[in-house]
Amino acid sequence: MSEEHDIRTANPESTFDWGRRLGTLVEPGLVVGLIGELGAGKTQFVKGVCAGALVPSDEMISSPTFVLIHEYQGRLPIYHFDTYRLPSAAAFAGLGVDEYFEGDGVCLVEWADRFVECLPDEWLEIRFVHRGPTERSLQFSCRGSRWSGLLEKLIAPPTP
Ligand code: ADP
Ligand code: MG
């Protein structure tokens with residue numbers, strides 16, 4: 001695993017904003033694994049990614065909560081796997097996830113640590129850790145090297 005970058009966010013808006021930043025950078029084939037307990041901010045971050053990738057905001061509001069795979073159309077397709085209720089890795093694989101991973105969009109997988117064996121060799125890992133009532137750590141690292149350039153761009157301070 002690559003070097004880890006630890007970002008602190010002080011409120012939900014800041015987590016959204018880091019997601020939005022990633023959303024401006026995402027490319028077809030990217031798989032992002034979102035790891036962290038309930039309420040850690042994974043979905044908040046996903047909403048930001050969608051905003052950054054130009055998904056119309058009304059498309060997000062209309063998506064039902066019981067759906068396991070949300071598909072959003074921004075400047076590229078975004079597949080959001082909301083796997084909280086999935087019992088096993090086999091059930092996850094049974095959704096046909098490989099086709100999504102090899103497709104033309106971006107895949108965002110909540111609870112990715114439960115399904116690591118189903119993920120491709122190269123993915124971007126983000127761990128969400130509670131640090132206080134409205135504070136979180138976002139810990140970014142790369143599995144494999146394919147996405148390390150994208151991660152560097154995300155972390156790099158904006159050029160003046
Ligand atoms: P998860 O998908 O990890 O279960 P959600 O994104 O659905 O979590 O919910 C996170 C909750 O925590 C939201 O109610 C949000 O308002 C709250 N929250 C408080 N501080 C933060 C923060 N810094 N980043 C993200 N969410 C935060
Ligand atoms: Mg969630």
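A residue counts as buried under 20% relative accessible area, as exposed over 50%, and as partly exposed in between. Keep that scale at hand for this tour of a predicted model.

Start with the magnesium ion, ligand 2. Its coordinating atoms come from Thr43 (OG1) and Glu110 (OE), at 2.1 to 2.3 Å. Colour the chain by secondary structure: Thr43 belongs to helix 2 (residues 42–52) and Glu110 to strand 5 (residues 106–110), so the pair, 67 residues apart, links distant parts of the chain.

Next, select the two residues in turn. Thr43 has a relative accessible area of 31%, and because this value falls between 20% and 50%, Thr43 is partly exposed. Glu110 has a value of 3%, which is under 20%, so Glu110 is buried.

Now select ligand 1, which sits in the largest pocket. Show its surroundings: 16 residues lie around ligand 1, and the closest are Thr15, Gly39, Lys42, Thr43 and Gln44. Helix 1 (12–25) and helix 2 each supply at least two residues of this shell. Which helix gives the most to the shell around ligand 1? Helix 2 does, with three residues.

Then look at individual atom pairs. At Gly41, a backbone N or O atom lies 3.0 Å from an oxygen atom of the ligand. Move to Thr134, where a polar backbone atom is 3.0 Å from a nitrogen atom of ligand 1.

Finally, show the surface of ligand 1. Taken alone, ligand 1 exposes 570 Å², and the protein buries 74% of that.

How values were computed
Residues numbered from 1 in each chain as written. Chains lettered and ligands numbered in written order. Predicted model: local features only at pLDDT ≥ 70, side-chain atom pairs only at ≥ 80, totals over all residues. Heavy atoms only, no water. Donors = N, O, S within 2.8 Å, 3.2 Å for Na, K, Ca; no water. Helix = DSSP H or I, 4+ residues; strand = E, 2+ residues; numbered from the N terminus. Buried < 20%, exposed > 50% of the residue type's maximum accessible area, 1.4 Å probe, protein only. Near = heavy atom within 4 Å. Polar contact = N/O pair within 3.5 Å; in protein donor to acceptor, adjacent residues only side chain to side chain. Areas by Shrake-Rupley, 256 points an atom, 1.4 Å probe, with all protein chains shown as cover. 1 Å grid on protein atoms, 1.4 Å probe; cavity = no way out; pocket = protein on both sides within 12 Å on 5 of 7 lines; lining within 4 Å. Sits in = over half its atoms within 2 Å of the grid points.
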